[in-house]
Amino acid sequence: MIPLSTPDLSGNEASYLQRCIEDGFVSTAGAFVPRFEEMVALATGARQAVAIASGTSALHVALVALGVKPGDLVVLPSYTFIASANAISHAGATPWLFDIAADSWTLDPKLLAERLESETKRVGTEIVHRASGRRVAAIMPVYALGLPADMDPLVALARQYGLPVLADAAAAIGAAYMGRPIGRLGADLSMLSFNGNKTVTSGGGGAIIGDNPELTGLVKHLASTARTGDDYTHDRVGYNYRMTNIEAAVGCAQMERFEQLVSAKKRIRALYDSELSALPGVGLFPAPAWAESACWFSGITLAPPAPSPDQLRRLLRESGIEGRPFWKPMHLQDPYRDAPRTDMPVADDIWKRVLTLPCSAHLTPSDQAKVIGVLKEALS
Ligand SMILES: Cc1ncc(COP(=O)(O)O)c(C=O)c1O
């Protein structure tokens, strides 16, 4: 089987893990954690990075650090992985779900501007959603498939309304927007995931990056049980969300090859794009001029006369090739059906037409040629 995406662990992963065992640093203390944080900050252009146990817990703790409270609303594009919405729920808040822009599959700044204007009112220093009476507490753009959202207008809107921005950049390490890396896009905090299916993995894990030491310090404090000293004093309800040295060991080995891994992902996407774009009914993943995607996943969209993603998936499987659907939007998920939301013409259309294709960074040219050959035969 040619799998969708598996990690490339051919660097120093095994020897760094061995070192953790030999040194006895298998938990949250140990040299790999701060080293991993430095490497992540450097690669993203952020001043600080805080290593966290997972992307989901990183989002949760960042929302709390930004002051999101039970009962609040947090702006979120409906087209995302459910972890983004769940983190909002873990903070006691509710997502305010927005449709995406057709050219990027990310939060649409025009739609957001329109709805903040027509559906909220200012009460003192707060922005209140008129229909629900809830405070709007933050904006969470999602960098879908590793492509940054159109951040300049989104950040300008956030400033205008006094709202903090937490970017869900889960799979966007290596991406750029207007030539800037993801740590320099104006978000107050951004989250990265290092789960096993990401371009750079630590097994499981995440990170929060940012430029404001008070905020990133608060994230670190909250994620470490809000402990104030070594006498078991804690000043808030904190979380046990720290990354372990074992995870960071794998993460460090991966970060040493981060540029190589990201460029392999980009090369794989570019070849699919050039080989498949002319086939009838085939569309490509978005590539707006203002951003450079990290190309976390590769794939295509399908419309008649092409077969459906499901039919094509079955055909691929018969040839030993894995293809998969992608995110089902949040407004169609049971826990979020009643969340306040916009109409969803773009998200409703896109999600049913996406098929992801094998794109491991170590996918061989001959395996990719096989995938392309099978697709060409099925689609032409
Ligand atoms: C957009 C998005 N947000 C959040 C997450 C959650 O990250 P984790 O699996 O590390 O908790 C993911 C993971 O795939 C993701 O794709």
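Q: Which residue forms a salt bridge with Asp-188, and how far apart are the closest N and O atoms?
A: A salt bridge is a side-chain nitrogen of Lys or Arg within 4 Å of a carboxyl oxygen of Asp or Glu. Here Asp-188 pairs with Arg-159, with the closest N and O atoms 3.8 Å apart. The model is a predicted one: local features need pLDDT of at least 70, side-chain atom pairs count only at pLDDT 80 or more, and totals for chains, interfaces and linings use all residues. Residues are numbered from 1 along each chain as its sequence is written, and side-chain values use heavy atoms, with hydrogens and water left out.

Q: Where do Asp-188 and Arg-159 lie?
A: Elements are DSSP runs, numbered from the N terminus: helices are H or I with at least four residues, strands are E with at least two. Asp-188 sits in the loop between β9 (180-181) and β10 (189-193). Arg-159 belongs to helix α6 (residues 151-161).

Q: Is Asp-188 buried, exposed or partly exposed, and what of Arg-159?
A: Buried means under 20% relative accessible area, exposed over 50%, partly exposed in between (1.4 Å probe, protein chains only). Asp-188 has 23% and is partly exposed. Arg-159, at 44%, is partly exposed.

Q: What does the salt bridge of Lys-266 with Glu-292 tie together?
A: The closest N and O atoms of Lys-266 and Glu-292 are 2.8 Å apart. Lys-266 lies in helix α9 (residues 258-276) and Glu-292 in strand β13 (residues 291-292), so parts 26 residues apart in sequence are tied together. Lys-266 is partly exposed at 22% relative accessibility. Glu-292 is partly exposed at 42%.

Q: How many salt bridges does the rule give?
A: The count comes to 15. Among them is Glu-322 with Arg-324, where the closest N and O atoms are 2.9 Å apart. Arg-324 is partly exposed, at 41% relative accessibility. Shared partners also join Asp-8, Glu-13 and Arg-257 into one salt-bridge network.

Q: Which residues are closest to the ligand?
A: A residue is near a molecule if one of its heavy atoms lies within 4 Å of it. The ligand is surrounded by 16 residues, the closest being Gly-55, Thr-56, Asp-168, Ser-193 and Lys-198.

Q: Which peptide bond is cis, and where is Pro-305?
A: The bond from Pro-304 to Pro-305 is cis, with omega near 10 degrees. Pro-305 is in the loop between β14 (298-302) and α10.

Q: What is the phi of Thr-225, and of Tyr-232?
A: Thr-225 has phi near 65 degrees, a positive value in a residue other than glycine. Thr-225 lies in the loop between α7 (213-223) and α8 (245-256) and is partly exposed at 27%. Tyr-232 has a positive phi near 60 degrees. Tyr-232 lies in the loop between α7 and α8 and is exposed, at 67%.
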